[in-house]
Amino acid sequence: MLSQVWSSTTHGVEALPVELETNVASGMRGLSVVGLPRAAVRESFDRVRAALENNDIPVEWGRITINLAPADVPKESAAFDLPMAVGWVAASGTTVTADVLDRYWLTGELALDGTVRPVNGVLPMAMKAREEGYEGVLVPAENAAEAAVVDDLRVYPVETVTDAFDILHDPHGPAAPEPYTKDLDAIFDQARQYRRDLSDVRGQENVKRALEVAAAGGHNALMVGPPGSGKTMLARRMPTILPPLSTDEALETTKIHSVSGELASDHGILATRPFRAPHHTISDAGLCGGGAHPTPGEISLAHNGVLFLDELPEFQRRVLEVLRQPMEEGRITISRAETTVTYPARFMLIASMNPCPCGHLNDPNQECVCTPAQVQRYLGKISGPLMDRIDLHVEVAPVDFDAMSAERTGESSATVRKRVVQARERQTERFGAGEALYSNAQMDAQRVQEHCSLNDAGQNLLRTASDRLGLSARGYTRILKVARTVADLEASASIRAEHVSEAIQYRSLDRDWWHG
């Protein structure tokens, strides 16, 4: 007999439907799995056979052929175990009807005792199943929360292989369990309660202002200062002042974490913006993604959130240089011999560094012991093109005793976030709801010319700054974008000279450090 069961595989962050056709013919026992199965799929049959035998589920033996269609797409996952088991049993003539199998997608890895183990990529599968018009999905119990964030889809958690057959026997019958559901509104409300707060940071008002501007416009920022001045503390509070994730952004971000196996949330969805802080020993493949079968890197896991690079000059220069194109395009394309995969990578880069190897250059409290050549070699690890892509360069001064011992008087993250959200709303209104633009930092040259016009005073100020700082064309454009963001924070329709002046101030390290 022949059975047909639906599952999926992932390509990048998208799910591709896979039809498992199982045929049991008379003759000598044998197995053939076709349709470009990789090692994990070829080994599935041994797990499936043991799981069915250990749960006393009868099957027909003979010449068994399992076809994974489309046959020209590689399949690499143990997630086909459960659909293989169901397909084999259905092809043996059981009460699992073709009508039910045509309405549900299945996924899950089987243990030898029949337990269904969690797999990666369940959220993209659930979203694709709904898109294709299917009624529901059967997923491992540990993945149920992830699939349940998709509306209008019946999600059945499966703990053992026998549970799957109980559900498929009559999904709408009185003995069938209720579909798993999640309250997304409650999840998002709870996620907005941050443990960290910007008011925890004593002093550093100028840096807080710079981070507010960065958050309001989606700009990249670099903090330069001696050890212990609060750079990391400030960076870790960046997500608390960013606008809350929309549902679409949350689903888009969660898909990346789902296919990479990084989804640790019990809610099944990332309701807060991701904050990724890789160590400086990371490789270029770890940062941007890669491998024989390409997986997402840190820049994709930071999509719609913050990528924090602490001690920026300690990263290998080759690793930093691969950031340049994703920072401009918001995505990364990884090409291998067998496949080409594109992952989203629209992140905000927040970096920090010491001004010199010992960390005390221009520190009023301690003397620097580095020679000028050592300082220049240290700073030279960061290329000019990469610095051009960082909009705000902020000097972080040491915090004095009075500021550290004072009561918390700074603004809370909620207060700053409210201004940031209002600024982002002005940007959305300016760009238009149909545009795929979320912030000023994403404006192209045409949008900059359209939305960042200056009066004579602003033009003269920017011309003088450009001559003094030796700005590149990209640096010039980024000053205009930052000035537009400063104006948005003040609810100003036009960019005034004071807005340009503040934006120029955030590029002054070009002169003070790299050209001084």
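The model is predicted, so local features need pLDDT of at least 70 and side-chain atom pairs count only at pLDDT 80 or more, while totals for chains, interfaces and linings use all residues. Residues are numbered from 1 along each chain as its sequence is written, and side-chain values use heavy atoms, with hydrogens and water left out.

**The largest pocket**

Begin by selecting Thr9, Thr10, His11, Glu76 and His293, which lie nearest the centre of the largest pocket among its 31 lining residues. A pocket is an open set of points on a 1 Å grid over the protein atoms alone, with protein on both sides within 12 Å along at least five of seven lines; a lining residue has an atom within 4 Å of a point. The space in this pocket is about 750 Å³, a volume being the space filled by probe spheres set on the points, with grid points joined across faces, edges and corners.

Next, colour strand 1 (2–11), helix 5 (122–131), strand 13 (295–296) and strand 16 (340–344), each of which supplies at least two lining residues. Strand 1 gives the most, with four residues. Helices (H or I, at least four residues) and strands (E, at least two) are DSSP runs, numbered from the N terminus. By class, the lining holds 15 nonpolar, twelve polar and four charged residues. Here Ala, Val, Leu, Ile, Met, Phe, Trp, Tyr, Cys and Pro count as nonpolar, Asp, Glu, Lys and Arg as charged, and the others, Gly among them, as polar.

**The second largest pocket**

About 650 Å³ of space lies in the second largest pocket. Select Gly218, Arg346, Phe347, Ala441 and Gln442, the closest to its centre of the 34 residues that line it. Helix 11 (247–260), helix 15 (324–329) and helix 22 (473–489) each give two or more residues to this lining. The lining of the second largest pocket comprises twelve nonpolar, nine polar and 13 charged residues.

To view the contact (heavy atoms within 4.5 Å), show Ile479, Val482, Ala483, Val486 and Ala487 in helix 22 together with His499, Val500, Glu502, Ala503 and Ile504 in helix 23. These contact residues divide into eight nonpolar, one polar and one charged.

**The cavity**

A search of the whole structure finds one cavity of 30 Å³ or more; a cavity is a set of grid points where a 1.4 Å probe fits but cannot get out. About 50 Å³ of space lies within the largest cavity. Select Ala191, Arg192, Tyr194, Pro244, Leu245, Ala271, Thr272 and Arg417 to display its lining.

**Two backbone features**

Go to alanine 69 and proline 70, which are joined by a cis peptide bond with omega of about 5 degrees. Proline 70 lies in the loop between strand 4 (63–69) and helix 3 (81–91).

Finish at asparagine 304, which has a positive phi of about 65 degrees although it is not a glycine. Asparagine 304 is found in the loop between helix 13 (298–301) and strand 14 (306–309).
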